[in-house]
Amino acid sequence: MAHYYMEPSRTFSEFLLVPNLTTKDCNPSNVSLKTPIVKFKKGEKPAYSLNIPFSSAVMQAVSDDRMAVALARSGGISFIFGSQSVESQAEMVRKAKSYKAGFVVSRSNLTPEHTLKDVLELKERTGHSTVAITSDGSPKGRLVGIVTGRDYRISRDPQSKTVSEFMTPFSKLIYGKSGITLSEANDLIWDHKLNCLPVVDEQGNLDYLVFRKDYDEHKENPSELLDANKSYIVGAGINTKDYTERVPALVAAGVDVLVIDSSDGYSEWQKETIAFVKSNSDVKIGAGNVVDREGFLYLVEAGADFIKVGIGGGSICITREQKGIGRGQASAMIEVAAARDEYFQQTGIYVPICSDGGIVHDYHITLALAMGADFVMMGRYFARFDESPTRKLKVGNNFVKEFWGEGSNRARNWERYDTGGKAGLMFEEGVDSYVPYAGSLHENLSKTIHKIKSTMCNCGSLTIPELQQNARITLVSATSIIEGGAHDVILKENSIAGE
């Protein structure tokens with residue numbers, strides 16, 4: 001006999017937070033949104049934590065290398081979409097990892113025998129204007145010079161001109177020695193008015209490059225999410241079909257965290273994919289999506305480092321319409337969070353959960369965190385910004401950005417929905433749409449973060465664990481939902497109904 005859940009499947013819009021005592025310490029400036037993204041043992045620190053509880057969805061219309069840089073700069077993480085060739089996804093990861101660092105391993109290198117044509121082609125491919133010239137063209141070879149845009153003039157220099165003829169030779173370079181601190185390196189940069197400082201070992205081999213722009217950007221973005229080498233932390237999505245080829249390429253590109261992108265993660269295919277990643281690399285991997293205790297425990301036992309929760313709640317997802325499967329996001333979060341806490345009590349291992357889907361308003365993010373989410377994953381939210389990879393268009397009198405689901409014919413991401421049958425999309429589980437253009441990520445994210453911190457203060461909480469422990473949450477009626485918005489007034493035309 002089928003099992004019936006007689007309790008209605010609830011959404012975030014059906015709940016409100018009830019205020020707790022706001023003490024004098026409860027000021028938004030005192031609130032920390034730091035949160036784990038991968039599992040850890042009690043008493044230990046996780047390998048990776050986010051500085052803000054935000055991740056961008058594994059979607060063509062949302063997460064490329066540009067979004068990865070923008071979100072990591074703010075303290076969150078992007079999972080670069082996997083519905084593209086292995087080579088192009090790995091290149092996006094590579095670009096994001098090399099974009100920002102304190103000590104950068106040089107990724108643009110040539111020999112003195114190369115030509116100006118080679119320099120221009122390398123710049124076009126990587127976007128890097130600084131090229132390290134080493135004896136063998138490797139990133140760790142003996143440094144013989146540096147080439148920047150000031151060393152040549154395209155209008156006058158022939159492209160056949162060799163690098164040795166126009167590079168700044170090592171003898172004229174200001175450089176640091178291996179073991180120099182980042183603070184000392186930045187002092188050299190400022191004292192000598194440099195844009196780039198090479199760092200070499202005792203044999204003259206290149207170790208790192210330190211850039212002036214990285215110092216400036218770090219001061220403007222104190223919550224940056226950086227690895228031990230001061231590079232941005234970058235995630236990537238994979239599927240359960242070509243992972244034996246895709247995972248090694250992403251690992252070689254420097255990816256920090258992987259996630260299996262699937263509409264339904266409670267499957268043996270995910271178990272096999274996790275096992276492959278664990279046995280062939282040290283990279284962390286999340287799995288999902290699930291909506292109940294059984295699905296959570298299955299993937300945890302399979303070795304997943306975090307679990308994504310949610311089926312059918314995304315703004316462009318029509319899985320529930322097409323298949324009749326899924327669950328209200330609030331109900332799914334409540335059950336999975338309880339299973340996570342029970343597992344932690346029994347094993348001493350804390351497995352973070354990510355709420356993926358069902359978020360319409362900013363306050364839904366705070367509700368998701370209060371219900372047990374360690375971080376949230378959003379598509380529509382980030383698709384609206386300048387940093388998303390889609391086109392900005394004018395439709396009527398309004399600017400919009402394109403936004404389509406991975407289950408749409410446009411994305412053609414059949415691997416995400418495959419259950420072992422014929423390759424290809426037999427029917428759509430996502431739509432092709434527009435979202436209102438909202439401007440820059442930084443400006444909008446700052447406003448959302450302030451709302452979350454302010455609400456947490458209303459709940460008497462200064463950290464996400466405190467919010468999860470102390471939050472009081474109430475169901476609301478249909479009429480109280482109406483009461484919660486503007487009502488019984490005539491709104492002026494310039495009134496803005498913010499999220």
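Colleague: Is Met-6 buried or exposed?
Modeller: Met-6 counts as exposed, because its relative accessibility is 71%. The cut-offs are these: buried means under 20% relative accessible area, exposed over 50%, and partly exposed in between, with a 1.4 Å probe and protein chains only.

Colleague: Where does Met-6 lie?
Modeller: In the segment before β1 (15–18). Helices (H or I, at least four residues) and strands (E, at least two) are DSSP runs, numbered from the N terminus.

Colleague: What should I know about the numbers?
Modeller: This is a predicted model, so local features need pLDDT of at least 70 and side-chain atom pairs count only at pLDDT 80 or more, while totals for chains, interfaces and linings use all residues. Residues are numbered from 1 along each chain as its sequence is written, and side-chain values use heavy atoms, with hydrogens and water left out.

Colleague: Now the inside. Which residues touch the most other members of the largest nonpolar core?
Modeller: Phe-54, Phe-79, Leu-258, Phe-296, Ile-307 and Phe-382 do, in a core of 100 residues. Helix α11 (residues 329–347) gives the largest share, seven residues. A nonpolar core is a set of buried Ala, Val, Leu, Ile, Met, Phe, Trp, Tyr and Cys residues joined through side-chain atoms within 4.5 Å. There is also a second, separate core of 13 residues, including Val-147, Tyr-152, Val-163 and Phe-166.

Colleague: What does Leu-258 touch?
Modeller: Among others, Phe-79, Ala-236, Ile-238, Val-247 and Phe-306, not counting residues up to four places away in sequence. Contact means heavy atoms within 4.5 Å.

Colleague: Switching to α2. What span should its 14 residues have?
Modeller: Helix α2 (residues 86–99) should span 20 Å at 1.5 Å a residue, and its end C-alpha atoms are 20 Å apart, so the two agree. The expected span is 1.5 Å times one less than the number of residues.

Colleague: And what covers the buried residues of α2?
Modeller: The cover includes α1 (65–74), β6 (77–80), β14 (235–238) and α7 (243–253). Buried residues of α2 include Val-86, Met-92 and Lys-97.

Colleague: Which side chain meets Lys-97 in a salt bridge?
Modeller: Asp-227, at 2.8 Å, N to O. Asp-227 lies in the loop between α6 (212–220) and β14, and Lys-97 in helix α2, so the pair ties together parts 130 residues apart in sequence. A salt bridge is a side-chain nitrogen of Lys or Arg within 4 Å of a carboxyl oxygen of Asp or Glu.

Colleague: Are those two buried or exposed?
Modeller: Asp-227 is buried, with a relative accessible area of 17%. Lys-97 counts as buried at 5%.

Colleague: How many salt bridges does a search of the whole structure find?
Modeller: 16. One of them joins Lys-278 and Asp-305, with the closest N and O atoms 2.6 Å apart. Lys-278 counts as partly exposed at 33% relative accessibility, whereas Asp-305 is buried at 1%.
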